Amino acid sequence: MKKLLIILGILVLLVFGVLFVPPIYNGFTKPFFKNTVDAKEWYHQVDCENLTQVRDYCDRRGYSTDYYILVDFSIPSGKKRFFIYDLQRGKRVMSSYCMHGSGKGNTAAQPMFSNNPGSGCTSLGRYFMIGKGGMKFKNCVRLRGLDKSNYLAEARGILIHSAGKVTRFSGEKEYIPLGTESRGCFTVSRSCVEKVMQIYKESSRRRPVLIYAKYK
């Protein structure tokens, strides 16, 4: 009887391993390996503000050549720092104010960055859109991280969503007062979210739209 229980236990573990371990492994570690070549090219050969270079990179690596989003957290939150580019026309089509995460150590003037669950911090690196809508926000876009610095973004529930504070902000202060509107998400204006959702609908299903968050 004891041997039978041991055998049954081993079979259960094997079934669990076959069904659940590969998806978990791929979901959380795949970016380390699959995107190694892509990341090396992006970080060493591409100027993230040179739209010609970005478009060529996206074309080679299977990302959308229609749109590209750059978020520059080295710009104070009181200035617009979330930029949407039309790669076909080589021009910026929209910009928005954007709040950073309000996790421990963050201030309105000084963002802190982390990939850790529960940190409440924004993560830097490359992302792409994976869907619309979430448990907390109906109008939002869900993200997946591509780098070591943000590969837990999907598990953390990192989104592009709006907040009234950002929508109403008109640049009257150097920094948007830090609150709980963002726990690591890209919190932008309502019109910006609408544009991002439109882009996802039109472009991301054919080729994922590349999003890059940087600091200095």
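Is Lys216 buried or exposed? At 77% relative accessibility, Lys216 counts as exposed, where exposed means over 50% relative accessible area, buried under 20%, and partly exposed in between (1.4 Å probe, protein chains only).

1. Basis. This is a predicted model, in which local features need pLDDT of at least 70 and side-chain atom pairs count only at pLDDT 80 or more, while totals for chains, interfaces and linings use all residues. Residues are numbered from 1 along each chain as its sequence is written, and side-chain values use heavy atoms, with hydrogens and water left out.

2. Overall make-up. The protein has 6 helices and 8 strands, taken as DSSP runs (helices H or I, at least four residues; strands E, at least two) numbered from the N terminus. Their order from the N terminus is α-α-α-β-β-β-β-β-α-β-α-β-α-β. Of the 216 residues, 44% are buried. Among contacts (heavy atoms within 4.5 Å) between residues at least 6 apart in sequence, 60% join residues at least 24 apart.

3. Lys216 is found in the segment after β8. Its phi is near 50°, which is a positive value in a residue other than glycine.

4. Helix α2. This helix covers residues 36-45, and its buried residues include Asp38, Ala39, Glu41 and Trp42. Seen down the axis of α2, the buried residues fall within an arc of 165°, so they line one face of the helix; the arc is that of the directions from the helix axis to the C-beta atoms. Val37, Lys40, His44 and Gln45 are exposed and sit on the face turned away from the buried side. The cover over the buried residues of α2 includes α3 (51-61), β1 (67-72), β4 (125-132) and β8 (210-214).

5. Helix α3. Here the buried residues are Leu51, Val54, Tyr57 and Cys58. Down the axis of α3 they fall within an arc of 125°, so these residues too line one face of their helix. The exposed residues Thr52 and Arg60 are on the face turned away from the buried side. Packed against the buried residues of α3 are α2, β1, β2 (82-86), β3 (91-96), β4 and β8. As background, an α-helix has 3.6 residues a turn, so residues three or four places apart point the same way.

6. Loop between α2 and α3. Asn50 lies in this loop and is partly exposed, with a relative accessible area of 28%. The C-alpha atoms of Asn50 and Gly90 are separated by 9.2 Å, although the two residues are 40 apart along the chain.

7. The structure holds 10 salt bridges, each defined as a side-chain nitrogen of Lys or Arg within 4 Å of a carboxyl oxygen of Asp or Glu. One of them pairs Arg61 with Asp38, with the closest N and O atoms 3.6 Å apart. This pair links distant parts of the chain, with Arg61 in helix α3 and Asp38 in helix α2, 23 residues apart. Arg61 is partly exposed at 31% relative accessibility, whereas Asp38 is buried with a relative accessible area of 10%. Arg60 forms a salt bridge with Glu41, where the closest N and O atoms are 2.2 Å apart. That pair also links α3, which holds Arg60, to α2, which holds Glu41, across 19 residues. Arg60 is exposed at 51% relative accessibility, and Glu41 is buried at 6%.

8. The side chains of Lys214 and Asp72 meet in a salt bridge at 3.9 Å, N to O. Lys214 lies in strand β8 and Asp72 in strand β1, so the pair ties together parts that are 142 residues apart in sequence. Both Lys214 and Asp72 are buried. Salt bridges that share partners join Asp38, Glu41, Arg60 and Arg61 into one network.
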